[in-house]
Amino acid sequence: MNKLMYVGNPDLRNVDGIEKVTGEARYVGDMSVPGMLVAKALRSPLPHARITALDVSPALSVPGVVSAITHMDFVDHGNFGWPTKDAYILAYRKVRHVGEPVAVVAAETELAAEAGLAAIIVAYDALPVVSSAAQALDPGAPLVPEVSPTGEGNLCVRHIVRNSDPGPLLNNAPAVLDATYTMPHQEHAYLETEGALAIPEPDGGVTVYANNQSPHINRDTTAQVLGLPPEGVRVIQPPVGGAFGGKDDVVYQTSAQVAKLALLTGRPVRLLLTRAESMAASYKRQAAQIHLTLGAEANGTLRAARAELLIDNGAYAAATPLASWRATVHAAGAYRYQAVHVDTRAVYTNNGYSGAFRGFGNVQAAAAVELAIDELAERLGRDPLAFRLQNCLRPGDHTMTGAELDESVGLAACLEWVRDRSNWTDKRAEYATQPTGVERRRGIGVACYFHGTGLGGEGVDYATATLKVEADHSITLTSGLTDFGQGSRTVFTLLAAEVLGVAMERIRVLRPDTQTALESGPTVASRASLVGGNAVRLTAAKLMQTLELAAADLLGCTREHLVRDGERFIGPDEEPVTFDDVVDHAQALGLQLSAQGRWQIPHIEWDFEHGMGIPYATYVFGAQVAEVEVDLHSGRTRVQKIWAAHDAGTILFPKGALGQMYGGIAQGLGYALMEGFAFENGIPQALDFDRYRIPRATDVPEIEGTYIQTVYPHGPYGAKNLAEPVMVGTAPAIANAYSQAIGRRVRSFPLNSGRTP
Amino acid sequence: MRLTFTLNGEDIAVDDVSEDMLLIDLLREKLGLMGTKRGCESGTCGVCSVLVDDRLTRACRTPAAKVMGRTVTTIEGLRGPDGTLSDLQASFLARGAVQCGYCTPAMVIAAEALLRRTPRPTRAQIRAGISSVLCRCTGYQQIVDAIELVAEQRAANREGLR
């Protein structure tokens, strides 16, 4: 293979960067069109209540109000949701969490819309609140769903892993750790709140501009609740101001609401959530209680693990059935065991609702097991990093589900890198001997992780791309997978440019649009670079073949004899020809200069009923070390520095990959130290950034990060994935450092909860 | 009221500005400058930050009337007359400091305010200087890198002029 031009080039820039640094990017909240109506939602103030009266007709008499809708305006009351169809576009019969939308008004102005909301007649009959996952399982607990999807009350879903029998191995193990860890909810806190703008079309259809992650799923959901065929709804994604897993279900709701109002009024309608609405109405990372039993030999070799996970998915399932499965198959961590059993239950409560959030269940699972591994190492008198190196997964090992790892396993190298860069051994020893009287105490901690690539057993994992040479010799690219800041548009561009041997500037990625891009499943699971990237690579290879046929014809040689010099094609005899010459010649030959390609992840199989199989085609790995200082008097913890190493295969877009790492670490730091989205009896305790603090520049330390480059043979140029897993190790590394600093183990987040340690 | 002030280097007059109009509404709704974003209603996130007489100012907390006779700079005002990027804009792009882009205009503005006040900041001072603007994507590191680089460039340019 020729030397790569773009893959791994450290100078590559984000292809959307100029419009963003200049402020020219138009997010949905920056879009307005003539005649546009403003929509506002009436939201439930109660966590659980029966709706005893709902009449929007008084709103229609308010000057400026044009239309108002409820569940009655949608097919099947707007019932939607995947994989569990338990949610509504607007509340039906009951409200099940604070902030749930009940009715939406469209008006000429925001003030008129507010007045319209105030005029709506609504009455609630409060129901008993299910305020914790433990309470949800009480036989006498109030039922949150109208129909239990499992037939077992508030139980939403159950998942298991059955890999041999850990019982006997744990019973007589020389060292056993048995502990329960409590992980809180987390708010995505993307800086752009959810929003959608719908424009009715002359053919009876509707176009929706929405800041969603997965436009095709939005199209299908919206079309279904409107009673339109899928092609009756066109969804376009403008630039998105952050998502992190959080802009799917809640944006589908918003999109369907404005689409209905646009069809009813014949006018464009826009709805933007306020920050307080966003915090109340959007789904969260699931809270989880994780009970772990780990057993080891006296020499530190891990034997077996048992895990029981109780997950609070709130009022609606959203993506929790999938995220709780990911938590299940990662619950014992990235270690060798002889036997592992996991039992997971996700339950309905009235604590908001939970769904997809970067890490997707593994943030909670890895945090618990990494705190537990540290505790076990301490009991055995072992250095926690050496203990991990003794037990961590290496090539040829079997994972906790029994799947064999054959290639691309860089975990030990990640651990060694963070150990050496952080000066681990000296610092760990120094901080172990701090005098007891010192008020400001230091600690250093480590965590490592694995993270299954792509959707795995969650579903068919494919993506599709198209490329087309335009009349001006530029190339347009579409992908069904989208970019909400993570850099996939840049990755797709560089991959196409690499295969085609053209300047990146020649390629333009179209805005995601269900009318031009082909369906590719949801943009989730950090799968854009791997799955979407492979689709682009294959599509480019197809287009390249056509171009080479034309070039060979033009140069009077065979394809095999062609050589490239930059964009130019050179044959054995003739003068070089330009890319434009080749395009023109292809057209003269009547060749079609467009291509589409599809790629699907290699076959895997998970038996959900028996808890066995191969959950993922491959894994990514990583390790992080955090150094903290804790002020025992104030309880304030500062992270001094973080070292991070991650094995994501080949790195395609280095600056983007590092940006993902730094950003993921900041979110993990927030989860460990300050976030923790709390509910009291179903009432959210923070609806603004004053009370729900996310890390500022002064809260995040300098980060020294690297990518340990292995090669995944099925990935584009050997790449795996990284956007989610880079945050998985941060919170437990910080908590383990905190534990060393204060000389006591912690088993819950957030650490800076106002209590003194 | 009729409001006169300097916006991005141009003296302008805006009629029918009500007493309670906020600067963010003046910029976005009346003047169509969409680079200044909305992120919260509590003045906490900072993505609406602009410069008022070189001072970093939250447009969502500032009555429009307050800028009478003063100089306001938004992200739209940082580009050169020929459309070239400012040194900070170019540096953000080159250092990978841009992800979703929603906080980026305010971050660039905060950096500009910082460097006008503190031409050679330490990395800790850079962090303090941009701490009023939240970013959920980048973990701030490449933003700090980008600002540090421009501080060095500007210092070198000043040396060169001497």
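Q: Into which domains is chain B divided?
A: This is a predicted model, in which local features need pLDDT of at least 70, side-chain atom pairs count only at pLDDT 80 or more, and totals for chains, interfaces and linings use all residues. Residues are numbered from 1 along each chain as its sequence is written, and chains are lettered from A and ligands numbered from 1 in the order in which they are written. Domain bounds come from an automatic or database domain assignment. For chain B the division is into domain 1 (3–77) and domain 2 (87–161).

Q: How many residues does each domain of chain B give to the contact between them?
A: The C-alpha centres of domain 1 of chain B and domain 2 of chain B are 21 Å apart. Two residues are in contact if their C-beta atoms, placed from the backbone, lie within 7 Å. Counted in this way, the contact takes 14 residues from domain 1 of chain B and 13 residues from domain 2 of chain B.

Q: Which element gives the most to the side of domain 1 of chain B that touches domain 2 of chain B?
A: Helices (H or I, at least four residues) and strands (E, at least two) are DSSP runs, numbered from the N terminus. On this side, the elements that give two or more residues are strand S3 (49–52) and strand S4 (55–58) of chain B. The one that gives the most, with three residues, is S3(B).

Q: Is B:Asp54 buried or exposed?
A: B:Asp54 sits in the loop between S3 and S4 of chain B. Its phi is near 70°, a positive value in a residue other than glycine. A residue is buried if 20 or more other C-beta atoms lie within 10 Å of its own, exposed if 12 or fewer, and partly exposed in between, with C-beta atoms placed from the backbone. Because B:Asp54 has 12 C-beta neighbours inside 10 Å, it counts as exposed.

Q: Is A:Ser526 buried or exposed?
A: A:Ser526 has a phi near 50°, a positive value in a residue other than glycine. Its place is the loop between strand S21 (507–509) and helix H15 (528–555) of chain A. Because A:Ser526 has 27 C-beta neighbours inside 10 Å, it counts as buried.

Q: Which element of chain B gives the most to the side that touches chain A?
A: In the contact between the chains, 40 residues of chain B meet 45 residues of chain A. Helix H2 (87–94), helix H3 (104–117), helix H4 (123–129) and helix H5 (141–161) of chain B are the elements that give two or more residues to this side of chain B. The one that gives the most, with four residues, is H2(B).

Q: How many residues of domain 1 of chain A are in contact with domain 2 of chain A?
A: Chain A is divided into domain 1 (17–24 + 462–600), domain 2 (31–127 + 194–272) and domain 3 (353–456 + 614–742). The C-alpha centres of domain 1 of chain A and domain 2 of chain A lie 38 Å apart. In their contact, 16 residues of domain 2 of chain A meet residues of domain 1 of chain A, and the number from domain 1 is 13.

Q: Where is A:Pro83 found?
A: Most peptide bonds are trans. A cis peptide bond, with omega about 5°, joins A:Trp82 and A:Pro83. A:Pro83 is found in the loop between strand S4 (79–80) and strand S5 (87–88) of chain A.
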